[in-house]
Amino acid sequence: MAEEGQRAAVVFDALGLTYEKAFARSEAHLASLDWLLERLAPGSRVLDVGSGTGRPTASTLADAGHEVLGVDVSPVMVDLAARQVPRATFRLADIRELPLEEGEFDAVCVYFSLLQMSRAEQSQVLGRLARALRPGGSLVLATVPADVEDLAIEFMGQPVRATSFAAEDVVALVRGAGFVVEFEQVVEFTPDHPEGAAEPHLFVYGRLPSA
């Protein structure tokens, strides 16, 4: 596993269910899942990158009858997700290293899982995910839009190093991976945690052109 993945695993192993509780009220996250559900055919195959505790993403999609594969670098998160969302499949893996077949998924979700990768890796991962989608496949991506690179911050009491882009550059990155951007929105969200601070969240909905 890459060094950034190992650092992320330590952080999210420590947070566990605290992370789920802190972000459970995100209306923008739930709205993005509604958008995705409206576009998925019955029994679609969905990849959840950085699947965390399995809630709300994998649980919402699995409850709707879709086949979900969740991938996370945190052993604690993968164990929690497997117990909380038994209808989905969860794998302990780094998305940068996980073998992906061309066109094997109908949709991919990427909620805040790029932030501890380098900018080059974020671009490479989006390209890999685009290739793993069938033509016409959907993407929902969320991140913290900020022009920062390897910035040391404290996140809910845990030291992390974050890398991101300004909002317009995230959108350009998604387009550069081959997606048509159908919606973009920045909202402010404060995690439900004693050490949670207000932060901007960028949500981008995209789709691959149909063949």
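How many aromatic pairs does a search of the whole structure find? The search finds four. Rings of Phe, Tyr and Trp (its six-membered ring) count as a pair if their centres lie within 6.5 Å; planes under 30 degrees apart are stacked, those over 60 are edge-to-face, and the rest are tilted. The model is predicted, so local features need pLDDT of at least 70 and side-chain atom pairs pLDDT 80 or more, while totals for chains, interfaces and linings use all residues. Residues are numbered from 1 along each chain as its sequence is written, and side-chain values use heavy atoms, without hydrogens and water.

The chain has seven helices and nine strands. These are DSSP runs, numbered from the N terminus (helices: H or I, at least four residues; strands: E, at least two). Of its 211 residues, 55% count as buried. Buried means under 20% relative accessible area, exposed means over 50%, and partly exposed lies in between (1.4 Å probe, protein chains only). Contacts are heavy atoms within 4.5 Å. Among contacts between residues at least 6 apart in sequence, 70% join residues at least 24 apart.

In soluble globular proteins, nonpolar side chains tend to be buried together. A nonpolar core is a set of buried Ala, Val, Leu, Ile, Met, Phe, Trp, Tyr and Cys residues joined through side-chain atoms within 4.5 Å. The largest such core here has 32 residues. Leu 47, Ile 95 and Leu 129 have the most contacts inside it. Several elements each supply at least two of its residues, including strand S1 (45–49), helix H6 (119–132) and strand S9 (199–207). The largest share, five residues, comes from H6. Leaving out residues up to four places away in sequence, Leu 129 touches Leu 47, Val 49, Ile 95, Leu 100, Val 108 and Val 110. A second, separate core has 25 residues, among them Leu 36, Leu 61, Ala 81 and Val 140.

Helix H5 (residues 75–84) has Met 77, Val 78, Leu 80, Ala 81 and Gln 84 buried. Seen down the axis of H5, these buried residues fall within an arc of 165°, so they line one face of the helix. The arc is taken over the directions from the helix axis to the C-beta atoms.

Phe 112 is found in the loop between S4 and H6. Its phi is positive, about 60°, although Phe 112 is not a glycine. Phe 112 counts as buried because its relative accessibility is 15%. Phe 112 and Phe 203 form an edge-to-face pair, 6.2 Å centre to centre with 90° between the planes. This pair links distant parts of the chain, as Phe 203 lies in strand S9, 91 residues apart from Phe 112. Phe 203 is buried too. Elsewhere, ring pairs link Trp 35, Phe 183 and Tyr 205 into a cluster.

His 66 lies in the loop between helix H4 (57–63) and S2. His 66 counts as buried because its relative accessibility is 7%. A polar atom of its side chain lies 3.1 Å from the backbone nitrogen of Ser 44. Beyond four places in sequence, residues in contact with His 66 include Leu 37, Leu 40, Pro 42 and Leu 61.

The loop between S1 and H4 holds Pro 56. A cis peptide bond joins Arg 55 and Pro 56, with omega about 5°.

Definitions and conventions:
Polar contact = N/O pair within 3.5 Å; in protein donor to acceptor, adjacent residues only side chain to side chain.
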